[in-house]
Amino acid sequence: MILAELIKDWPCEVQGGSIRVEISGITDVAEQIQPGNIFVARKGKQHNGWHFVSEAVAKGAVAIVYDQDQPIEHLEVPHVWVPDCSTFLSYACKAVVGDKIELLTVIGVTGTNGKTTVTHFIGQILQKLGAKVAVLGTLGLWINGERQDQNTSSMTTPPPTYLYPIFAQCVELGVKYIIIEASSLGLSQHRLDHCPIDYGVYLNMSRDHYDEHGSKEKYELAKRKLATLANKIIVNADDPFCLNMKQHHVRSFTFGRHRTADISVIHKEINGTSTVLLVQYLENPVEIKMPFVGEHHQQNVLAAVATVQQLGYPLQTIAPSIPYLTLPSGRQQEVENDLGIRIFIDYAHTPSALVAVLQSLKLISKKKLIVVFGCGGDRDQGKRREMGKVADSYAHKIWLTSDNPRREQADMIIAQIAQGIDLTPYAIKINRKQAIESAIAEANPGDTVLIAGKGHETTQIIGNEVVPFSDYEIAKEYIKLLKTRLNDEK
Ligand SMILES: CC(=O)N[C@H]1[C@@H](OP(=O)(O)OP(=O)(O)OC[C@H]2O[C@@H](n3ccc(=O)[nH]c3=O)[C@H](O)[C@@H]2O)O[C@H](CO)[C@@H](O)[C@@H]1O[C@H](C)C(=O)N[C@@H](C)C(=O)N[C@H](CCC(=O)O)C(=O)O
Ligand SMILES: Nc1ncnc2c1ncn2[C@@H]1O[C@H](COP(=O)(O)OP(=O)(O)OP(=O)(O)O)[C@@H](O)[C@H]1O
Ligand SMILES: N[C@H](CCC[C@H](N)C(=O)O)C(=O)O
């Protein structure tokens, strides 16, 4: 493709060089420039891309795109002014890969909690139904249940520079469905602006990322954007914000606990560790057996069932795959042991997620419920006290510790969480490994220990340092140690 072709349908002003130059790709990250690429000099919160123009040109950039007032006399390559770099980036990344991506059916899932789980549930069901399917989000790119290591970004919703090459790769591999997580920041930062989303799924809405967006209203506005991008929306009728999204789209479908939803639960029974739901669409009730107990699991399963039903599969066909659903890594993941203590790792890092997982564990917990958690630094501060309150309401003992403090002081974050704790005894151990070990050491047979906030993560971010860290491995190693000690004492 030549530059002229790329920019002919986009508002812009070009100066210098030739617009007939052949282009090989596009990026806004100077160090990723390959010869023949366009560099989009985007101004962000931390850096101004314009400062990396010389680096980009030295690496072989054949054109620069910008949206700021900048001195441009010394640029030897064409420089293209556009009204907004981020939207151009999204438009251009899609244009570079071409129309072939229209072959994919794209499903975008948004919500404060449960995006990863629901995208993977949809993927697992479709795979069981024989379809070739990709899932993209916090846990990276998965094709037919296999993790792909190449071309992935560390973000939940990848920037367009990653997204469209992944779409192209999926088309080449014969993938039919791609299910992607649409994070609020991904939506507000235009990462999905030109994405051909067939179905947008609205799961739930509660507090998160208010500081990063600037306000609750801006967070909600970002989430609303998915409806403007999707051909049809599938909404959780039990959540007022999601239900309200129906007013913003001419094509919608609902799922929920009550008969007013298009797909609804008309009967429910809990059998030990599984739940049997009688689910109805039109006049035909179908029994589905999910291998979990807890309201949030039910919400996630229903969302996945409703989505696959909307793709054209009847409920009767979907039902046999539900008992085989598995939670993604780090979501209520049990650390097996023979100490008589049930230990779970979970990714709850918002107040409503903590409520969900603690309620779910209460249903299976025999004696005391002990929770270990902290909150991430450089993230919404208001959720910290709220999470303290939640732990106070559900747990018998709380261990406050570090999550990913990033550039904040861990003890200050912990103090903010502690403001929400009133009656429940709590202890502070800033070192997360020590906190996990202390909680397990203190637990008695019959107790349940929840280690929340970091789930599948394999690193801890302290200041600018990223160190290896896994809640699961730490718990597993400590259990081994306790076992050896017990054997030695015998
Ligand atoms: C707040 C936020 O989302 N920031 C993202 C954003 O940063 P930014 O716009 O401020 O960019 P910047 O760092 O100032 O850089 C400006 C420009 O200069 C360029 N640059 C910068 C430095 C350099 O050496 N060379 C260079 O070319 C950058 O590539 C960029 O084009 O754009 C950057 C480039 O794409 C992202 O790396 C960065 O994500 C940061 C690291 C991040 O942590 N984001 C998280 C909060 C996030 O988006 N999370 C959501 C999930 C949330 C959820 O699940 O609830 C996600 O979708 O991942
Ligand atoms: N439907 C739900 N309602 C409330 N909480 C939920 C729901 N589903 C999952 N959770 C909680 O949220 C945690 C994170 O789940 P998941 O990773 O699926 O969400 P997410 O929206 O992808 O999160 P993030 O985007 O922040 O990575 C789970 O470990 C669980 O504690
Ligand atoms: N997608 C979320 C993940 C938070 C996970 C938690 N461990 C933290 O670091 O705050 C975010 O980037 O805000």
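**Close-up views of a predicted model**

With 14 C-beta neighbours inside 10 Å, Asn144 counts as partly exposed; a residue is buried if 20 or more other C-beta atoms lie within 10 Å of its own, exposed if 12 or fewer, and partly exposed in between, with C-beta atoms placed from the backbone. This is a predicted model, in which local features need pLDDT of at least 70, side-chain atom pairs count only at pLDDT 80 or more, and totals for chains, interfaces and linings use all residues. Residues are numbered from 1 along each chain as its sequence is written, while chains are lettered from A and ligands numbered from 1 in the order in which they are written.

**View 1. The loop that holds Asn144.** The phi of Asn144 is positive, near 45 degrees, and the residue is not a glycine. Most residues other than glycine have a negative phi.

**View 2. The loop that holds Arg406.** Arg406 is found between strand S20 (397–400) and helix H14 (410–418). Its phi is also positive, at about 50 degrees, although Arg406 is not a glycine. Arg406 is partly exposed, with 16 other C-beta atoms within 10 Å.

**View 3. The surroundings of ligand 1.** The shell around ligand 1 holds 22 residues, and the closest are Gly44, Lys45, Gln46, Met155 and Ser183; a residue counts as near if its C-beta atom, placed from the backbone, lies within 6 Å of the molecule. By class, six are nonpolar, ten polar and six charged. Here Ala, Val, Leu, Ile, Met, Phe, Trp, Tyr, Cys and Pro count as nonpolar, Asp, Glu, Lys and Arg as charged, and the others, Gly among them, as polar. Ligand 1 lies between domain 1 (3–96) and domain 2 (98–324), because both give residues to its shell; the domain bounds come from an automatic or database domain assignment.

**View 4. The surroundings of ligand 2.** Ligand 2 is surrounded by 24 residues, of which Asn113, Gly114, Thr116, Thr117 and Ala353 are the closest. Two or more residues each come from helix H4 (115–128), helix H10 (295–310) and helix H12 (351–364), and H12 gives the most, with four. The shell around ligand 2 comprises six nonpolar, 14 polar and four charged residues. Domain 2 (98–324) and domain 3 (333–489) both contribute to this shell, so ligand 2 lies between them.
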